[in-house]
Amino acid sequence: MEYTETEQMVADQEETGALEIRRLTFTEAVMLVVGATIGSGVLGLAYASRKAGWPVLLTWLLAAGFLSVASMLYVAETALRTRRPLQLSGLAEKYVGKTGSWLIFFSVGATSFCSLIAYITGCGKILSTFLGIPLEEASLLFSVGATAVVWLGLKVTGAAEKYLGLGMILMLLLLVGASFLRARVPMEEILYAHWSWGIPVFNIAVFCYAVQYIVPELARGFRDRPDKLVPAILGGTGISFLILALVPLAVFLMLPGEEITEVASLSWGRALKNPLFYLLVNFFAFCAMLTSFWAIAESFLTNCIERMGFRSERDIRSRALCLVFIVVPPIFLASSGLVGFVNAIFSAGTFGGIIMSVLPVFMVRSARKRGDQEPCWQCGWLAARPVQGLVLTVFLGSGIYALLSMAGMLPKGW
């Protein structure tokens, strides 16, 4: 059947909906996962776990990583069973109804707002220190520059993530190597484990891995090569785990617990006692938060376009309205000082990460019954009922602990 140009445009719109299809390379996709994962969380981990100890942190990174990857792969299978490219909230609406969709949208929003507050605060402090300008001006400067890349769309964001992400890995190798060679704290003195402070650290780890929202973005970028989706997720998560484990270890080797600051790059850089390393540490921290800003803002933007029923993400007015909604509140809250850096991360892990980790269990169950097509990949034993039950139990239990600690009934851990 022959289509006229207008009929073809209508058919493409019905197939793709409001979201554009932008092809991602495998490296871009991996670095999108790394960029989303390695943000403010990696800088807050050392401070948040200084009382619990690095072995406790490593244990939780492994546990939260396994459970979060399982949840991400539930989203991946759900997306692969769906013909039309949808964001996380759209997939939730299709498979668990409007209530689930709004819960997911709330979780993406809560995670995004808390994350962006942390990035704007952290990068603002770094720019303020190096440029000698007031914190408010530095935070605004960072926000405008970072938002400009997001405005250009998924393909530009993916390319920026790739180059900056690869550079970030090289910087990390240099910094971790320097920390091992110049260690001020003996290795045996950082291998303590105080499990009474351990559970709050799990929530920070949850926040670091709570990037389920990036999976539909990858699925959209791999629409012509769906078999690349899962390897990109696993590759990005594996790299992220190594960075999340090594950065706090390097900080612990250079600083005793009482000297570790909330944004660890500042104290870590000074401890290396070399101007070049001080600059490199803070540039690494800046890049980590910038890449995460890009990934989160891009994903939240397309979730807003889809959830609010805008016709197309290409529409300038719709895109501008969504970006204002996404960026302006975090700028205000970061500048006001009403939300602390680590508390912002903790809140995001509690309200955003837990919802995003739990609902995919029900989404994949429904997609297996009502999906549009047979997927090229399935979760296998990762979607067995015992594993799903473990995901639900651990994340819901973490949420209960967090709520009790916020009510003052349990310690936060820092």
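The backbone oxygen of S299 lies 2.9 Å from a polar atom of the T302 side chain. A polar contact is a pair of N or O atoms within 3.5 Å; within protein, one must be able to donate a hydrogen and the other to accept it, and residues adjacent in sequence count only if both atoms are side-chain atoms. The model is predicted: local features need pLDDT of at least 70, side-chain atom pairs count only at pLDDT 80 or more, and totals for chains, interfaces and linings use all residues. Residues are numbered from 1 along each chain as its sequence is written, and side-chain values use heavy atoms, leaving out hydrogens and water.

T302 sits in helix α12, residues 275-307. Because its relative accessibility is 0%, T302 counts as buried (under 20% relative accessible area, with exposed over 50% and partly exposed in between; 1.4 Å probe, protein chains only).

The protein has 15 helices and zero strands (DSSP runs, H or I of at least four residues for helices and E of at least two for strands, numbered from the N terminus). Of its 414 residues, 59% count as buried. Among contacts (heavy atoms within 4.5 Å) with a separation of 6 or more, 85% come from residues 24 or more positions apart.

The protein exposes about 16,200 Å², of which carbon and sulfur atoms supply 66% (Shrake-Rupley method, 1.4 Å probe; for residues, only the protein chains shown count as cover). Helix α5, residues 88-131, contains F130, which counts as partly exposed because its relative accessibility is 36%.
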